[in-house]
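Colleague: I'm new to this one. Can you walk me through it while I look?

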Amino acid sequence: MKNKNLTSFFVVLFFLVDISCQGGKRKLFTRMAGGDTGILFNNTITETDSLNIFDYIYFYNGGGVAVGDFNNDQLPDIYFVSNQGSNKLYLNEGDFHFRDITEKAGVQGKGNWKTGVTLADVNDDGLIDIYVSEVGKFGTLTGKNELFINNGDLTFTEKAQQYGLDVEGFNTQAAFFDYDHDGDLDMFLVNHSVHAAGNFGDSSIRSVHSEVSGDKLFRNNGRSAAKRFTEVTQEAGIYSSALGYGLSVSVGDLNNDGWEDLYVSNDFHENDYYYVNNKNGTFSELNKECFGHESRFSMGSAIADMNNDGWPDIITLDMLPDDPKVVKTSPGEDPLDIYKMKYKMGYQYQYSRNCLQLNTGNGYGFSDIGLLAGIAATDWSWSPLAADFNNDGIKDLFISNGIVKRPNDLDFLKYNDTRNNAKDRSFDKQAIGQMPSGAVSNYIFKGTDSLLFIDHTDDWGLAGAGFSTGAAYADLDNDGDLDIITNNINESAGVFRNNSTSGSQGHYINILLKGSSRNPLAIGSKVILKNGAGMQLCSNEPTMGFESCSLQNIHFGTGVHTSVDSLQVIWPDGKSQLITNIKTDRSINLNYDDADYSSLSFLPTTPKPLFSYLHESFDSSCRHKENDFDDFSIEPLLPHMLSTSGPRLAVQDVNKDGLQDFYMGGAKNQPGKLFIQTKSGTFKQLNQPAFNNDSAYENVNAVFFDADGNGTMDLYVVNGGNEKDQQDRLYLSDGKAHFIPSDGIPKIKGNHSVAIAADIDHDGDQDLFVGARSVTGVYGEIPFSYLLINDGKGQFSVAAPELSPGLSAIGMITDAAWSDINQDGWKDLIIVGEWMPVTLFLNRQGRLLKSTCAGLNNTNGLWTHLSIADVNADDRDDLIVGNWGTNSKLKASLDAPLLLYAADFDGNGTKEQLLAQKEKNAYYPFLGKDNLEKQLPLIRKKFFRYTDFAQINLGQLLESFLIRSTPLKVYTLESSVFLNNECGCFTRQKLPEGAQVAPLFAMLPEDFDHDGHIDLLLGGNMFDVSPFEGRYDAMPVILLKGTGQGQFTTVFLPGTKYSKTDQVRDLQGIRLTGGKPAILE
């Protein structure tokens, strides 16, 4: 969590039913009553004047839960951690009956604040041991981590000191794994910090060691060593400072190299840590190199292959509420200046929301798709459990939730000074009582065969507000489905029976692994299942979620399949074994002694790159550098910056040597550049005085065409950038790659976006359409665009209105193209833009008339790019159109369009923008009170408290401003293909989810794999948005492989330059010497 300073006794209500029904259908889960199961554990926490949320920021974090078979009877037992009371061990006696054996077992725990628990066979005797993390050396909290060694008779002996693991400090959770491949289990301990003055400097603090707060790595020295574990934190390259607010650690082989890596979730301002195993006893921390951004208040985490592609992904949880009213009363992201300052101080970009980091770069590149997946906002979330709960062969996601009190409530933080003015601690209780309750429901999301997850909390029987923190899963009754256990604050533990197999909803197979003599439980093993539905990957990494552990077996759902084609186990040392044709609905035992090194791994590895990055083809001048201009300083309520739309590229043989050259636009005070291809296939910049003289312009687009009819390629450069109105430039060529400025275009200053050339009137010369992006400084007003008619000598004039009625003020244009859509021999005009539909002007023998053809109505989007290609091989040009994507806080549909109001709300003579979207059943402003009232002070006067502002909808807000403005609308954010039908109309098809992960600004249609079908190479991302919206950085350049039917499948391009996510603004094909194809980015 991140600023969780409060708690009070709050009893939560769950639906206690034996069989929950909805419409007569049995729900997937049934919550079992404690009286029936015998599990009466309650993690009761008691606040005092000397110990509460004001003293210890993690007072409401709760405790963990662990599931494992302690007596080897094939029935998983349950161990609960109590923060202040006795831990509890419950023996599974079958059929959901458990017996409390805590006292006999001797595992109560001695510390007065206990946190996480993990299980492992620490002494290699085939019995599961228990390791409990505790907080010590902090105020009144005293305790050292405890290691309970299993004696084999359901008793345990505490031996942490003998093993060198009696760590004293701010301990959160441990994970056992074999990081050095010597055969035995080592241990990583994640610790947390507390707020202290020394923790708020730049990131160099992370190199300063802290004994109590720093994470630690312990090497297992083996059975014969005098001291079993030795700390090796520093020499292994592990950060161990007070800057780390560690709340979880997850273990997994993220790059499929056979060595386990680590992901540490840190609360507050510190980065999460991504440790890649170097295979030599050390790790490299690669967070900034591999992630575009991360959760801001990272809590629990999980590593699992969520899309069944064989590459493990990462889930981190945060505290973004799903309820729009709670969002409006909770802190948003940092103000823009602080946000930028943190990054300069060495911190990663962070956003307060759950992240699903899709592994798109072989473990070296990750794309957060949490918003697209639908799992980003689940409120105060703790433990993610990724497993197949309905046995359909696809992993689902459970999330535990709730905090006793919301210490981050804005009204409390800003307007409650009870305790600040009190000298005596007796006021603590009163102050805590003024914090709102944070009781919310747990969530469960059903996985699908796309990247989308569907909220099934209600109909799967898990709805009910409470305070669940630690969570684990196991097949408690050995019926073939996974049950869920939660550790709840001030309420009895949650035990949820899974009804999948009894309802015949899916088949399953369980894999029980017997490992080597030094790792009997086979921790670190991987199992890959293959059948007709594809592949699945599961790993035996028991530490998971938040402060919790599940150590039972490897579980796969197989859906409708009653057999498995093949199953491969990869043991921790790389040995493997393969079995085939296995019947489902049973458990099978696999033994390390039967493995060898003979079979090839089923796991994917880094593929041969489809593209090679030709660094040597360019000199250092071939680099665009954006000028430093902040659109938000002029228009603070802009949805996104407009000044970073360039550069675009233009390709042409400008010197008639048979080799293609290219032009790259320049930012303000950076001239555009012309690169001439040499016979060796390299490119050299050719100095152009005319370009240098025009360096004050911001080039956003360009097009080569023969303007004056002399057979040489001239250049039209589009200027824009939103800083000020600019005049486009026309340069005439002498045919030898030298360009001189021309005065042949009219004075049409503006913030332009695109220019395209075609002979629209069939008079033998090239005319131009010039599209405008916006009115500079007044986003939301419709700018003027132009049709320019060529007199045949390179002199252009604005076309008469009757030649293109309605075209000049058609919308906020981002791109355009010419194509003979209706195949009548005349080039038609297609236009896309923001807050407007995809628009077609049919060319009626020189007149451009807006078409009303079906398929383009109500297609308003935030369209970013347009390409033309025949993607379904019917000899008609189709439209491929980039949009903002669905991996966004912004939402739009036909029933609930995204709205933009542009009006002078406060009567100061300047228009402001008000973005709004539908939440639940009403429209609300997208931004919160703090963001809006800076520009609209009336909000502060009318709505003093955040709660008041959160209660009003958009209509009430507009009424308070006496505004009757008509909004602009967006109906879809999906990048799409519009198939050109025989009747001259269109059918829209959404591009695959991989194309929806970020705004799509560049697209290149081509048959890249030479199978006869058009593929699409895509690029995009948009970093320049408000911190609340969060930068879009999830799109590496990706390939959509075409089927020839207008359908596409996503292929990420790892192992190339494209595994990194940049802001791509253009992709152009170019032929090198000898006809070799290449791509300019």
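**Loops, strands and cavities**

Colleague: Is Leu154 buried or exposed?
Modeller: Leu154 is buried, at a relative accessible area of 13%. Buried means under 20% relative accessible area, exposed over 50%, and partly exposed in between, with a 1.4 Å probe and protein chains only. Bear in mind that this is a predicted model, where local features need pLDDT of at least 70 and side-chain atom pairs count only at pLDDT 80 or more, while totals for chains, interfaces and linings use all residues. Residues are numbered from 1 along each chain as its sequence is written, and side-chain values use heavy atoms, leaving out hydrogens and water.

Colleague: Where is Leu154 found?
Modeller: In the loop between strand S10 (146-150) and strand S11 (156-158). Strands (E, at least two residues) and helices (H or I, at least four) are DSSP runs, numbered from the N terminus. Leu154 is not a glycine, yet its phi is positive, about 65°.

Colleague: And what is the phi of Lys279 near?
Modeller: Near 70°, also a positive value in a residue other than glycine. Lys279 sits in the loop between strand S18 (273-277) and strand S19 (283-285). Lys279 is partly exposed, with a relative accessible area of 43%.

Colleague: New topic. Why is strand S24 largely enclosed?
Modeller: S24 covers residues 355-359, and five of the five are buried, so the rest of the structure largely encloses this strand. Cys355, Gln357 and Asn359 are buried on one side, and Leu356 and Leu358 are buried on the other.

Colleague: Which strand do three bridges join to S24?
Modeller: Strand S22 (residues 313-316), running antiparallel to S24. Two strands pair if DSSP finds at least two bridges between them. Ile315 stands opposite Leu356 in S24. Three bridges also join S24 to strand S25 (residues 366-368), again antiparallel, and Gln357 has Asp368 as its bridge partner in S25.

Colleague: How many residues lie between the strands in the hairpin of S24 and S25?
Modeller: Six, and Asn362 in that hairpin takes a positive phi near 60°.

Colleague: Which strand does Asn171 lie in?
Modeller: Strand S12 (residues 171-177). Asn171 is buried, at 0% relative accessibility. Leaving aside residues up to four places away in sequence, Asn171 touches several residues, including Thr115, Glu134, Asn145 and His192; contact means heavy atoms within 4.5 Å.

Colleague: Last one. How many cavities of 30 Å³ or more are there?
Modeller: A search of the whole structure finds eleven. On a 1 Å grid over the protein atoms alone, a cavity is a set of points where a 1.4 Å probe fits but cannot get out, and lining residues have an atom within 4 Å of a point. Points are joined across faces, edges and corners, and a volume is the space filled by probe spheres set on them. The largest cavity holds about 180 Å³. Of its 14 lining residues, the closest to the centre are Ser645, Arg648, Ser753, Arg773 and Thr814. Strand S54 (residues 751-758) gives the largest share of that lining, three residues.

Terms used
1 Å grid on protein atoms, 1.4 Å probe; cavity = no way out; pocket = protein on both sides within 12 Å on 5 of 7 lines; lining within 4 Å.
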